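Here is a short report for a reader new to this structure. Look over the sequence and the model, then read on.

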Amino acid sequence: VMRMGPMSSIGAYFIDVSNGSGTAAYPLLLNPIGGGSVGIGTSSPSVSGIEISRATGSASPTPSELRLSTTTSASDWSTTDPYARVSFYSVDGSSSGPKIMNSIEAITTSTTGAISDLVFKSRTNKLLQLNEDVSSFYTGNSERMRIDSSGNVGIGTNAPARNLSIS
């Protein structure tokens with residue numbers, strides 16, 4: 001059963017897909033006939049896939065936003081597993097073919113979820129990890145260079161003591 005309608009309490013509309021009694025949720029699939037595109041905020045998407053648009057008519061526009069959020073409670077935060085991920089995916093039908101080719105992950109660095117890092121990966125190898133204090137660069141999944149909050153650069157060390165520390 002698919003239901004659509006207003007949510008007057010928050011001034012929005014909803015789309016809900018479930019079994020007839022509402023006890024099981026089902027995925028909502030958007031599959032335009034003929035390989036078309038999906039537009040959010042636009043009636044004529046100009047890309048093949050999904051376009052999110054926000055027309056403000058202002059010289060200082062409010063940006064379009066794609067939000068990945070979680071309702072994880074404080075005691076469940078992981079400092080090793082991402083709570084949000086954007087994956088660049090290849091659908092290769094061969095059994096050994098690539099799947100997730102690259103990704104950007106948000107990983108909390110505290111068990112309260114208050115501070116997060118962005119981690120850029122190529123397949124499963126970490127390339128770059130960013131937060132407000134440190135930028136770390138990786139090859140072969142090992143940190144090779146770091147720039148700290150003081151602007152010190154460390155190559156082969158994760159604690160640079162000078163403008164340039166090489167170990």
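This predicted model holds one aromatic pair. The rings of Trp77 and Tyr83 have centres 5.1 Å apart, with their planes at 90 degrees, so the pair is edge-to-face.

How do the partners sit relative to the surface? Trp77 counts as buried, because its relative accessibility is 17% and the cut-off for buried is under 20%. Tyr83, at 31%, counts as partly exposed.

| Residue | Relative accessibility | Class |
|---|---|---|
| Trp77 | 17% | buried |
| Tyr83 | 31% | partly exposed |
| Leu66 | 66% | exposed |

Now the patch itself. Two strands, β4 (50-52) and β5 (84-89), each supply at least two of its residues. Leu66 lies in the loop between β4 and β5. Leu66 is exposed, because its relative accessibility of 66% is over the 50% cut-off.

Next, the chain as a whole. The secondary structure comes to 12 strands and zero helices. Of the 167 residues, 17% count as buried. The accessible surface is about 12,100 Å², and carbon and sulfur atoms hold 53% of that area. Among contacts with a separation of 6 or more, 9% join residues 24 or more positions apart.

Key. Residues are numbered from 1 along each chain as its sequence is written. This is a predicted model: local features need pLDDT of at least 70, side-chain atom pairs count only at pLDDT 80 or more; totals for chains, interfaces and linings use all residues. Side-chain values use heavy atoms; hydrogens and water are left out. Helices (H or I, at least four residues) and strands (E, at least two) are DSSP runs, numbered from the N terminus. Buried means under 20% relative accessible area, exposed over 50%, partly exposed in between (1.4 Å probe, protein chains only). Rings of Phe, Tyr and Trp (its six-membered ring) pair if their centres lie within 6.5 Å; planes under 30 degrees apart count as stacked, over 60 as edge-to-face and the rest as tilted. Contact means heavy atoms within 4.5 Å. Accessible areas come from the Shrake-Rupley method with a 1.4 Å probe; for residues, only the protein chains shown count as cover.
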